[in-house]
Amino acid sequence: MFSKTMTNRMKAAAVAALMCLSAATVILPNMTASMPVEAVSIGETLAVKDEYRIVTADVGTNLKSFTLTLTADYTGNFSYGLGISLAEDPWWMEWDGSGWVDTEGGTVEVPGISVPVTAGETFNIVIDCSTLNLKYDPAGAEWGAGEIAFRNYYSGEGGSVTLVSATSGSTGTTTPTTPTTPTTPTDPVGPGPNTDGSTSQNKKSGTWTFKDNLDGTGTMTSTQARKIDGVAQLLTAGYDEETYAAEGTTPGPDDPINSKKFSYSTDFGLEAGMIGPKSVEEAEDETRDNIFIESLQATITSDGTPLKRFMYGGGMSVLNESPADTESPKRLAGMEGKETAGYWYNDMGEEKLQEALDAGAVFGIDPGMGYDLSSADGAQLGEWFQVVWDVPEAVYPYAIGPEISFQYWYGEEDVEEYKACEAVTLDSAVLTYTERKTFDYTDHVALDVNEEIDIEGMSSGVKFADLGLGANSSVKAIVFTVETGNDMDSLVYGIGASVGEDWKMWADSEAGDGWNFVVTDVKAGEVEIAWIVPSSADINEEYGNVQFGYWYGGKDGDAINSVTLKSVDVYYYEEEEATTEPTTEPTTAPTTAPTTEPTTEPLVANYGDVNVDGNVSIVDVIFLNKHLMGNQKLTEQGELNADVDINGEVESGDSLNILKSLVDLCTLPVGQ
């Protein structure tokens with residue numbers, strides 16, 4: 001079974017705000033009567049994207065605060081939005097968790113507020129509206145009721161919440177007060193500090209967010225990881241590129257080196273042009289469509305002797321001479337061998353950092369000092385272990401293509417007498433990244449699959465036609481919900497879809513790409529994997545399908561034979577059907593030519609009559625606002641009638657003037 005749910009939040013909010021405008025001349029009395037405390041409504045269940053509206057007048061005429069009591073049918077995070085009608089400009093406000101925000105007619109975005117919830121337990125949302133001049137017009141009022149709009153933006157694991165009661169007054173405190181994990185649908189804001197190189201502190205694979213921008217577009221972020229096996233790179237301590245540069249040479253393929261550089265495109269299959277900003281100004285825009293690099297995990301093996309200490313660092317391509325560029329300051333300081341340095345960030349050891357500072361280098365950010373892992377500190381070292389290099393927070397905005405590097409600095413063998421480890425082998429690598437993309441968006445549709453996939457069967461999927469999609473649909477993103485049943489160190493998977501008349505796997509261990517999608521550190525239960533369709537992909541929505549492939553999953557070296565594909569959610573854009581022109585010319589021509597040329601009467605304006613029904617009313621204002629939001633097209637006569645300030649443009653000022661005329665605040669011109 002599947003369902004399509006069209007969102008109308010933008011339209012509803014615009015109409016509510018519009019209707020509030022007409023109350024500008026109404027002065028409400030300062031009522032102090034006691035307000036009822038009984039529930040306004042109970043039993044309303046809200047799934048994702050559902051909205052519940054409460055008429056303000058139904059809870060009293062001196063509302064200072066109100067409490068919503070809810071229960072959830074899942075354990076996780078709940079994200080909501082809440083707006084309220086005002087009796088004066090700006091007519092509509094949204095709650096951001098700490099105060100009220102003027103949305104400026106819907107042009108200012110207010111993110112959802114997230115709270116953690118526990119299945120079956122009630123929780124309160126308490127809202128203070130004592131500073132607002134609320135609109136108290138009742139349901140059925142001529143210019144529309146004053147309302148409170150409560151919306152479910154996100155409820156984890158496909159769950160829902162139930163509105164138990166809505167009461168006036170503060171019947172409790174908002175519980176709980178803060179989300180337990182950063183899984184709310186917000187845009188990426190950069191990584192956190194990594195103080196333990198054995199685990200990443202940045203975003204993890206298998207997390208995603210989506211926001212309906214309410215303007216015909218949606219924005220999705222998806223954090224994914226790609227793994228390459230068989231790297232087999234020998235890393236030799238003490239031999240870096242600077243060592244060779246000081247000798248006036250460059251390392252050859254068989255020369256010892258302490259680092260391995262990975263290409264985002266060649267090694268991991270990313271679109272290198274999508275990684276990073278084009279300028280420092282663009283880097284400061286966290287809302288840009290981009291691929292943001294989170295971390296690089298390396299699997300390290302010794303020559304058979306376990307290690308008890310391991311020191312390493314990392315580096316990556318960054319904007320030249322940006323604050324994150326640690327190499328151009330060396331060039332600008334005149335350091336020998338750095339005449340062309342730049343476009344790169346490097347962690348530095350104490351000695352090299354001091355050398356650069358002594359030469360006069362001035363860094364835009366303090367270079368990282370790398371990681372020093374010791375088994376004495378609880379790090380899991382031995383003959384085989386994994387370490388993570390997180391992109392530092394200050395570097396995150398400036399990272400660009402094409403490369404990222406892992407650097408081995410020093411190791412110590414776990415033997416009785418001191419012995420340095422000369423070299424280790426980098427066996428495999430996992431690159432974790434967050435993709436952010438805004439795309440044309442109409443709706444999303446879900447289909448339950450509930451099909452077990454074993455390693456031998458490998459994949460399961462659905463036909464786009466079974467989701468109700470067709471030739472006019474354009475698939476933008478797909479979310480796969482997978483049930484593991486077990487904890488996993490990693491879940492390795494692939495995604496395939498019909499492209500044009502062909503088929504393409506975007507991560508296939510048998511395709512020769514050398515990498516696969518992977519979710520690391522998976523907990524037993526459900527994991528949601530979001531795939532944003534590449535811009536270059538011509539998905540065949542009419543006859544094609546999409547597949548999720550399970551390549552491998554394991555825990556502590558033991559394979560887990562199967563997972564279950566629970567459901568598929570597809571985010572799509574529905575194009576309007578084009579009108580079809582006749583394909584053939586008429587078979588006969590007219591036998592006689594018209595004796596007179598047809599004449600067209602000039603249009604005469606009836607100012608304010610936007611929908612051309614012969615009257616000027618609030619309906620014309622709504623009609624015009626729909627046109628301004630792109631949801632309604634005016635006729636030629638309607639556009640002429642809408643231009644009430646006669647400046648040649650149909651704009652929001654015309655809507656306001658029509659409203660003013662309806663309450664006798666201005667007079668519309670008479671058509672000529």
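**Note on the predicted model**

1. Pro 90 is placed in the loop that runs between strand E5 (76–85) and strand E6 (92–95). The structure discussed here is a predicted model. The peptide bond that joins Asp 89 to Pro 90 is cis, with omega at about 20°. Pro 402 belongs to strand E21 (residues 399–413).

2. The loop between E5 and E6 also holds Trp 91. Phi of Trp 91 is positive, near 75°, in a residue other than glycine. Is Trp 91 buried or exposed? Its relative accessible area is 13%, so Trp 91 is buried, the cut-off for burial being under 20%.

3. Positive phi values occur elsewhere in the model. Glu 321 has a phi near 60° and is a residue other than glycine. Glu 321 sits in the loop between strand E17 (307–318) and helix H4 (328–332). Because its relative accessibility is 47%, Glu 321 counts as partly exposed. Asp 664, which follows helix H8, has a positive phi near 65°.

4. The mean pLDDT of the protein is 80, and 83% of the residues reach 70 or more. Residues 1–39 have a pLDDT below 50, and this stretch has 92 contacts in the model beyond near neighbours in sequence. Over residues 177–194 the pLDDT likewise stays under 50. For residues 177–194 the model has 48 contacts beyond four places in sequence.

5. As to the overall arrangement, the protein has eight helices and 32 strands. Of its 672 residues, 46% are buried. Among contacts between residues at least 6 apart in sequence, 78% join residues at least 24 apart. The accessible surface comes to about 32,500 Å², and carbon and sulfur atoms account for 48% of that surface.

6. In soluble globular proteins, nonpolar side chains tend to be buried together. In this model the largest nonpolar core has 84 residues. Which of its members touch the most others? They are Ile 293, Phe 310, Met 316, Phe 406, Phe 480 and Leu 491. Leu 491, with residues up to four places away in sequence left out, touches residues including Val 482, Phe 517, Val 527, Tyr 550 and Val 563. Apart from this core lies another, of 32 residues, with Phe 78, Leu 82, Ile 84 and Val 117 among them.

7. Ile 84 is also one of the contacts of Leu 132; the others, beyond four places in sequence, are Leu 86, Met 93 and Trp 100. Leu 132 is located in the loop between strand E9 (122–128) and strand E10 (147–155). Although it is in a loop, Leu 132 counts as buried because its relative accessibility is 15%. Leu 132 and Lys 64 are 68 residues apart along the chain, while their C-alpha atoms are separated by 8.4 Å.

8. A buried residue within a strand is Gln 297, which is found in strand E16 (residues 290–301) and has 17% relative accessibility. Beyond four places in sequence, Gln 297 is in contact with Gln 386, Val 387 and Val 388, and also with Ser 428, Ala 429 and Val 430.

9. The whole structure contains 22 aromatic pairs. One of them is formed by Phe 210 and Tyr 571, which are tilted, with 4.7 Å from centre to centre and 50° between the planes. Phe 210 lies in strand E12 (residues 207–212) and Tyr 571 in strand E32 (residues 562–574), so this pair ties together parts that are 361 residues apart in sequence. Phe 210 counts as buried at 14% relative accessibility, and Tyr 571 is buried at 7%. The rings of Phe 310 and Tyr 312 are tilted as well, because their planes stand at 35°, and their centres are 5.7 Å apart. Both Phe 310 and Tyr 312 are buried.

10. Helix H8 (residues 652–662) has as its buried residues Asp 654, Ser 655, Ile 658, Leu 659 and Ser 661. Why do they lie on the same side of H8? They cover an arc of only 160° around the axis, which puts them on one side of the helix. An α-helix has 3.6 residues a turn, so residues three or four places apart point the same way.

Methods
Residues numbered from 1 in each chain as written. Heavy atoms only, no water. Core = buried A, V, L, I, M, F, W, Y, C linked by side-chain atoms within 4.5 Å. Buried < 20%, exposed > 50% of the residue type's maximum accessible area, 1.4 Å probe, protein only. Contact = heavy atoms within 4.5 Å. pLDDT = per-residue confidence, 0-100. Helix = DSSP H or I, 4+ residues; strand = E, 2+ residues; numbered from the N terminus. Areas by Shrake-Rupley, 256 points an atom, 1.4 Å probe, with all protein chains shown as cover. Arc of directions from axis to C-beta. Phe/Tyr/Trp six-rings, centres within 6.5 Å; stacked < 30°, edge-to-face > 60°.
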